[in-house]
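Biologist: Could you walk me through a few local features of this one? I'd like to start with the loops.

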Amino acid sequence: MLFRSLAPNKNFEIILQLAEILDDFNFRIVVAGNVNSRVFGKSQLSSSRIDWLGYVSDEELERLYRDASCFVFPSFYEGFGLPPIEAMRRGCPVVASNAASIPEVCGDAALYFNPYSAAELKSQVLRVLHEPGLSDSLKRKGEQQASKYTWNQVARTILTSIASLHE
């Protein structure tokens, strides 16, 4: 399972909760990406079940997406949500929060959960890991969903979102 950021809106706390309630399962939780401690403070978030990679190159990120059983995107808020699209484009099933713009961006190509419920997240992750055919179905749908977005389309959407905040 792959997770990418410790920024407060990314809801990393639920990943720690998930690590605790999935203690009977044999898989790794991998966190890639750095946090600016001057902006976000020093993280007190830790777990022996989590592999902290810090910054990874584009090539390493590509491999992580391809090797992951799923990409978890538990954010409370996102203006758009590029990481799930990146994961989908690389054939990685996505389990995402049902908050903010995330369902609009991911469409029917992701499984959703309440970002305040580790139990719902656990249920969806277990579905990806154990439900026959679901992972392959999410990969196919994800690749189709991701193909709807080009860099120009994403940039226009983000700029529109920013402009609407200032109206």
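Biologist: Is Ala100 buried or partly exposed?

Modeller: Ala100 counts as partly exposed because its relative accessibility is 49%, where buried means under 20% relative accessible area, exposed over 50%, and partly exposed in between, with a 1.4 Å probe and protein chains only. This is a predicted model, in which local features need pLDDT of at least 70, side-chain atom pairs count only at pLDDT 80 or more, and totals for chains, interfaces and linings use all residues. Residues are numbered from 1 along each chain as its sequence is written, and side-chain values use heavy atoms, with hydrogens and water left out.

Biologist: And where does Ala100 lie?

Modeller: Ala100 lies in the loop between β5 and α5 (102-106), helices (H or I, at least four residues) and strands (E, at least two) being DSSP runs numbered from the N terminus. Phi of Ala100 is near 50°, a positive value in a residue other than glycine.

Biologist: What about Asn11, then, buried or exposed?

Modeller: Asn11 is buried, since its relative accessibility is 5%, and its place is in the loop between β1 (2-3) and α1 (13-21). Asn11 is not a glycine either, yet has a positive phi of about 65°.

Biologist: Switching topic, where is Arg90 found?

Modeller: Arg90 is found in the loop between α4 and β5 (94-97), and at 27% relative accessibility it counts as partly exposed. The C-alpha atoms of Arg90 and Ala146 are separated by 9.1 Å, although the two residues are 56 residues apart along the chain.
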